Amino acid sequence: MSDIATTAAETPAAATGKRTMTLNMGPQHPSTHGVLRVVLELDGEIIEKATADIGYLHTGIEKQCEVRTWQQVVPLTDRVDYLANLSNNLCYCLAVEKLLQMEIPAKAQWMRVMLTEVTRINSHLVWLGTHALDIGAMSMFMYCFREREEILRLFELFSGQRMMTSYFRIGGLALDAPRGWRQAMERFSKLMPERIDEYENLLTNNPIWTIRTKGVGYLHLDDLLDVGVTGPMIRAAGVAWDIRKDEPYSSYEKFDFQVPTRTESDVYARYQVRIQEMRESCKIIRQALDGMPEGPVQADAPHVVLPEREKMKTQMEALIYHFKIVTEGFAVPAGQAYQAIESPRGELGYYVVSDGTNKPYRVHMRTPSFGNLMSIAPMLENRLIADSIASLGSMDFVLGDTDR
Amino acid sequence: MLPEQDIKETRVVQALEQTEPGAVLGGKLALGELTLEVPPDRILGVCRALKADQYVRLASVTCVDWYPMEPRFEIVYHLHSIARNERLRLSVRVDSAHPEIDSVHPVWRAADWYEREVFDMFGVRFRNHPNLTRILMPEDWEGNPLRKDYPVHGHKYSYQNE
């Protein structure tokens, strides 16, 4: 948190005679989606300087990771980006599995792909609903949260939790898919494309929506790359860079999907990219349902994966492994790994350092919101204050993801 | 760790030898990830050369505290080239007596918040950073929470007796 004066007050007239007003936006402003404080220097209606002040949601997750065993870190990753829990689970698990050089069974990989795509739709729905609400399309929020409720029910079906799922574990999934999962996913994959049509009917050609978003929040691609922006914002500026395509993980190379791009790099283009991404996610879910392989959902690694309950009652080794994993966890070979995945917001990267013990030596989360939020100053400065809400909304940041 | 020759043969190291001779002290290619060790006084030059070599993105800057080993702090830079679809990790060690290094903010503006975070959490200072202040912790916070000698539990103040 920076050392900016906490009260909104007029600054004294400078030697040039120019007067600016300092305005605090947040940390409790409804359009900041969390606790973000932006200090605006205003000259009339023009923003002269915008300074983001973050850290209100800092919970020391990286420090807590260092005192937990490798598997115990998984529930912490849920709480980093609380709208894309499974993406965080996946990224952490992939990073540790890279250090362990562990082979994950095909079914677990496909399940991971399917559920992270559901997560992407979930995250984009919350973004779309709140972003439209900020701009004034209030009914969008209700429609988006109607479908989000379906998704949360799916998560509950799979993991027993609506939000903090922890469904992906080091070595595979926590549990095999529950009874009735296929029917539930089939229903969802049929329903979702129609619902996206509904959203588009409401917004895409809506004159108020287009006036509020077209040409607003423009940033040149070079600026975006320079300040570290990733994900849909970069793709709305014309770069077809998607980690799912370029550095495929968890068998994404087996799926056929497009990387939607636009070139306008404004709020409207970001809206279009995210809507198209939801459609592509539906296609991936469809493919995952059609081609879901059979087999186990956990790797054959008895020192990492908890044994089956039945084996524990009949096999001495299984009981020993269970006792060892539960009491002291498992050691991970010394080394460092950086795993990047395409989260709904952009590049999510876990940098994991092991010193060969049963706890991570260091876990750093390169979260997409942190990188994207750095574009706040170039995007808001020298523009109208009325456009700041639309610009902020188009970044799609989550403050838990920013502050960790 | 692979023999030194393997690193020297990589394209990026050979390109760096041309522009910044002797800047790569060593490194390793493990788990498909290339790490280069760079001396602290060369980091700015190396980053300039790498940015010219299509590493347009700075994905993150972070730090690992190897307490009580010296040099204690390992500053880690993750670079990414979209055009070549390559990633690269730079590792710089600075000691606890002078935890100071040049800021790479002139090369990538993205370094701004990442370096502030490292300053906040580890107390490593970045020379020529435009605004080196705490970013996540309150500005009057004492200590650097992610250092290994900083406790995980415990309160400086007791709220129970108030």
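This is a predicted model: local features need pLDDT of at least 70, side-chain atom pairs count only at pLDDT 80 or more; totals for chains, interfaces and linings use all residues.
Where does Asp53(B) sit? In a loop of chain B, between helix H3 (43–52) and strand S3 (57–65). Leave out residues up to four places away in sequence, and Asp53(B) touches Val12(B) and Ala15(B). Now take His80(B). Along the sequence, Asp53(B) and His80(B) are 27 residues apart. In space, the C-alpha to C-alpha distance for this pair is 11 Å.

Next, the interface. Chain A puts 33 residues in contact with 30 residues of chain B. On the chain A side, these elements give two or more residues: helix H1 (61–65), helix H8 (221–226), strand S6 (335–343), strand S7 (346–354), strand S8 (362–366) and helix H14 (368–373). The largest share comes from S7(A), with four residues. What is the make-up of that side of chain A? It divides into 13 nonpolar, nine polar and eleven charged residues.

Last, the core. The largest nonpolar core has 151 residues. Which of them touch the most other members? Val96(A), Val352(A), Ile75(B), Val118(B) and Val124(B). By element, the largest share of this core is 14 residues, from helix H4 (residues 106–135) of chain A.

Val96(A) is then in contact with Trp70(A), Ile170(A), Val332(A) and Val352(A). Val352(A) is itself on the list of core residues that touch the most other members.

Methods
Residues are numbered from 1 along each chain as its sequence is written. Chains are lettered from A and ligands numbered from 1 in the order in which they are written. Two residues are in contact if their C-beta atoms, placed from the backbone, lie within 7 Å. Ala, Val, Leu, Ile, Met, Phe, Trp, Tyr, Cys and Pro count as nonpolar, Asp, Glu, Lys and Arg as charged, and the others, Gly among them, as polar. A nonpolar core is a set of buried Ala, Val, Leu, Ile, Met, Phe, Trp, Tyr and Cys residues joined through C-beta atoms within 7 Å. A residue is buried if 20 or more other C-beta atoms lie within 10 Å of its own, exposed if 12 or fewer, and partly exposed in between; C-beta atoms are placed from the backbone.
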